[in-house]
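Subject: Structure handover

Hi,

Here is the structure I promised to pass on. My notes follow below it.

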Amino acid sequence: MKARKAEDLRKLNDADLAMNLKDAQETLTNLRFKKTLGELENTAYLATLRKDIARINTIIGEREGLK
């Protein structure tokens, strides 16, 4: 899966961003568990998810700063 672009994430409203953040965090947790068990084939996806989570958190922080 490709990384999400910040400009695409900025187009989303706050509720959608929060939902995407929650989904990404749950997916990351599940993939870490699979990696521990040795079932994960694409370990690069972990880094992609971490970066997506960081992008989402940055955008949420920017919006909170504007309020």
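Start at the N-terminal end of α2. Asn13 caps that end: a side-chain oxygen lies 3.3 Å from the backbone nitrogen of Ala15. Bear in mind that this is a predicted model. The average pLDDT of the chain is 94, and 97% of the residues score at least 70. Confidence is highest in α2, at a mean of 97, and lowest in α1, at 93.

Helix α2

The helix covers residues 14-37, 24 residues in total. From first C-alpha to last it reaches 35 Å, close to the 34 Å expected at 1.5 Å a residue. Just after α2, Gly38 takes a positive phi of about 85°.

Which residues of α2 are buried? They are Leu17, Asn20, Leu21, Ala24, Leu28 and Leu31. An α-helix has 3.6 residues a turn, so residues three or four places apart point the same way. The cover over the buried residues of α2 includes α1 (6-10) and α3 (44-66).

Asp52

Asp52 sits in helix α3. Is Asp52 buried or exposed? Its relative accessible area is 6%, so Asp52 counts as buried, the cut-off being under 20%.

Two polar partners of the Asp52 side chain are worth a look. One of its polar atoms lies 3.1 Å from the backbone nitrogen of Arg4. The side chain of Asp52 also makes a polar contact with the side chain of Arg55, at 3.1 Å. Leaving aside residues up to four places away in sequence, Asp52 touches Ala3 and Arg4.

Best regards

Key. Residues numbered from 1 in each chain as written. Predicted model: local features only at pLDDT ≥ 70, side-chain atom pairs only at ≥ 80, totals over all residues. Heavy atoms only, no water. Helix = DSSP H or I, 4+ residues; strand = E, 2+ residues; numbered from the N terminus. Expected span 1.5 Å × (residues − 1). Buried < 20%, exposed > 50% of the residue type's maximum accessible area, 1.4 Å probe, protein only. Contact = heavy atoms within 4.5 Å. Polar contact = N/O pair within 3.5 Å; in protein donor to acceptor, adjacent residues only side chain to side chain. pLDDT = per-residue confidence, 0-100.
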